[in-house]
Amino acid sequence: MSSSPNSKVKTSITKLETSSCSASDTHSSEGAPSKGGDSSDEDMGVLLKTSQFQEGVKGLESHDFFWDHPTIHEGSIPVGPSGHLDPQKPSSYSPFVAQWTKWILTLIEGAVIGICRGVILIGSHWLLVGKTEAMTHWLRSDNPGCAMLIWIAIGVPLICFIAFGVSYMSPLAGGSGIPDVKAYLNGVMVPKLMRFWGIVWRILGQIVVVGTGHYAGSEGPMAHLGAIVGAAVAQMHARNKFYLKALLPFSTQKVKDEFVSMGAGMGVATAFEAPIGGMLFTLEEASTYWSRELYWRCFIGCIIASYMTRLTSQYFQCKVEGSCVNLAGGMQFPDADDSYFHVWEFACFILLGIFFGLMGAIFCQGVRYFQYYRRVFFHLYSNGKDRRRFGQVIEAGLVMVITILLAYGVSWSEMGACKPLDGQDYIPNDGIQAAMCDEGVNMGYYNPFAAMLLTDRDTSVKWLFSPRLGDSEFPQGQLAAAGFIIFFLTLLTYGVAIPAGLFVPNIMLGACFGRLFGLWVGDWASSPGVYAVMGAAGMMAGFTRMTISLTVIVIELVGDLRLLPAVMVTVVVSKQVADMFNKGAYDIVSELREYPYIEELSIYDKRNMMGKDITYRMSPAPLSGFGEVETLGRIQEVLSGCTHNAFTIEDENHKLIGLVLRSEIVDWVRSKGGLVPASCRLNLLDLCNRTPTIVSELTPLEKGYTIFRNLALRHMLVVDKDDANHVVGMITRKDIIAAAEDAADEYKETKGGKETYCHSSTSAASSPSTLEDVL
């Protein structure tokens, strides 16, 4: 029993015709009848597995931002894997309920992220205190060698444990996480990015990394952790068995991306206790698609997350008598009375911006080389079992040993050249910075190297931000040496199989060189602490290329609005200088990981695309396709013979009917138990998108690129200029990126290769072999 190809489909997607396939009701992509061999007797008993419909698929895929299946959800509200809602039932959906549910979920998301951050602060604090007290005990006993061995004995096993968990259980829990979240929010389906184990190893990893004294921060890992929490909160119904109607409208990819975007901002807000900066971070750096309604919800969520961070850390700390300390927001500017500056010092801030722009560009180039050779050596480009996972564990231990030997070694070498603590109230008379002196603890001396390299990072930054210290001032040579050590160790650490952000070590790096510049300027300028703040802002702008959000984060960190003009000038100059040489660190990592990221067109890209149409780099017809009704045997044969993920559906008159995704077919087979007869016929109209985005072949390339990006498309069909029913090609993510790259190369060739470097937003370093698989 079969239905006419031209009849309106009213059956559900679970309907399967089990009669033998005849040539009269199965059409190929050219509209011609399929050969009778598809319904031969030997095919009647053949069973096909789900994996057979996925053969040939490799590389990354895109996800669908919009649910685009009006045939399936005719007259209903699409809600993803949970099924569909009937709007005729008042109890099934209410815009008022949905709006308030979004607010409730936002508050839950912020609270969970804040609690996670509070747990990280508590754990890292006690690990750091235990390690420091043990080292101080041996230093007081005049045995500095044992103190170093204590650090090695605590740090190396813990770091290897974290590296083992990251390498074998959650590879994407290592590193910063910001490039992965950015790619995901741009539409790239990054495998295993939003997994529960990511939260576990992000939390444990940050506790160990911060507690053992690695040169790494928490802002990137917290952005990834917040994104995972956001995805879980938004789609808890879709991933669990319980039924909650109020959550059904939030099971779409669009809503999931909204909560992921807000979660990333909340994570950054908790890392710096900067709610406004966190919201602006996700708007400027992380998100690609941002709606106006998210501003207020994201801001409130960032406030809740920051408050819960402070509340959680202080509550549990105060439970231990005598240890009620403030764990959050440790980078406050020490003395607001010394935060003035003169108008003429803007020239100094411009020079600082130029210097840190150059240093940021050098740092980003170092990231490129370190990450590239690490990926090649450990086979990190592979998603298979040939990754050298155990080698990553060994590397993490070696990097920890190098960090200890270098940081402790230079501090040990200066134990006899400590500085007096007279005449200042900022650096205390105890702690490891005092124990690393021959005079000992509470004797009025401190070791400048130990103060910068061995104490916790927040405290080091606070001391570097302090005003003039008189006789206790950091020596200029030690400031420069500490800056170069931090520069090297940060490059070495970033990319190891542990959670590691870049903000905090680069704040330290910028503060060292900024304070050094302030000391060079002399007493007739403002405080060296002001220049340390400018250095921190300039260095962060140099490697991230952020502007507005970075400025706000710095101001929220130091807590002094009077520094805003100086920070703005330094950040803008540093970014502009660094952009002359290369991309930011996060964009470089995205390129090395071969994420097909579609950025907004720059003025250079628009110039390169002039005179070119959408067919410039298009996947041309004939494309693999189907008729309205096909046997599963033929569908499997077509799917296994190509790497495409979208297939056109045409009737016998070559008229375009729709577009069906490989994932829809695979999900349907999986819903049938993962084993289906090859002879059975499937009506593909029940699975296809009847309203794909279509453009004419005469569409300008710039316009086509803008449509593709702004509508968050996965596929865009190109039709003949004279016949809208005749498909001449298909545009995918890889096509649109290749078109922009080739247009830039073509323009450069026309200029004889003499054009100076310009930062093009679409110039990606992804290899063509990988991009060809992104369909």
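**View A. Antiparallel pairing of strands β16 and β17.** In this predicted model, β16 (residues 715-719) and β17 (residues 727-732) are joined in the antiparallel sense by five bridges. Within this pairing, L717 has M730 of β17 as its bridge partner.

View B. The open sheet has the strand order β8-β17-β16-β15, and its pairing is mixed. Its edges are formed by β8 (619-620) and β15 (694-696), each of which pairs on one side only. Helix α24 (residues 701-710) packs on the sheet and touches β15, β16 and β17; the direction of α24 makes about 145° with that of β16. Helix α25 (residues 733-750) lies across β8 and β17 and runs at about 80° to β17.

**View C. Packing of helix α17 on helix α18.** The axes of α17 (residues 528-544) and α18 (residues 548-558) come within 10 Å and cross at roughly 150°. Because of this angle, α17 is roughly antiparallel to α18. The crossing is right-handed. Helix α17 contributes V533, A537, M540, A541 and T544 to the contact, and α18 contributes L550, V554 and V558. By class, the residues of this contact are seven nonpolar, one polar and no charged.

**View D. Two segments annotated as transmembrane regions.** The unreviewed UniProt entry places transmembrane regions at several spans, including residues 343-370 and 479-504. Residues 343-370 are 89% helix and 0% strand, with end C-alpha atoms 41 Å apart. For residues 479-504, the content is 65% helix and 0% strand, and the end C-alpha atoms lie 17 Å apart.

Key. Residues are numbered from 1 along each chain as its sequence is written. This is a predicted model: local features need pLDDT of at least 70, side-chain atom pairs count only at pLDDT 80 or more; totals for chains, interfaces and linings use all residues. Side-chain values use heavy atoms; hydrogens and water are left out. UniProt positions are given in the numbering used here, feature names are shortened, and annotations may be inferred rather than shown by experiment. Helices (H or I, at least four residues) and strands (E, at least two) are DSSP runs, numbered from the N terminus. Two strands pair if DSSP finds at least two bridges between them. Contact means heavy atoms within 4.5 Å. Axes are lines fitted to C-alpha atoms, for helices over the stretch in contact, and angles run from 0 to 180 degrees between N-to-C directions. Angles under 35 degrees count as roughly parallel, over 145 as roughly antiparallel, 65 to 115 as roughly perpendicular and the rest as oblique. A crossing is left-handed if the near helix is turned anticlockwise from the far one by less than a right angle, and right-handed if clockwise. Ala, Val, Leu, Ile, Met, Phe, Trp, Tyr, Cys and Pro count as nonpolar, Asp, Glu, Lys and Arg as charged, and the others, Gly among them, as polar.
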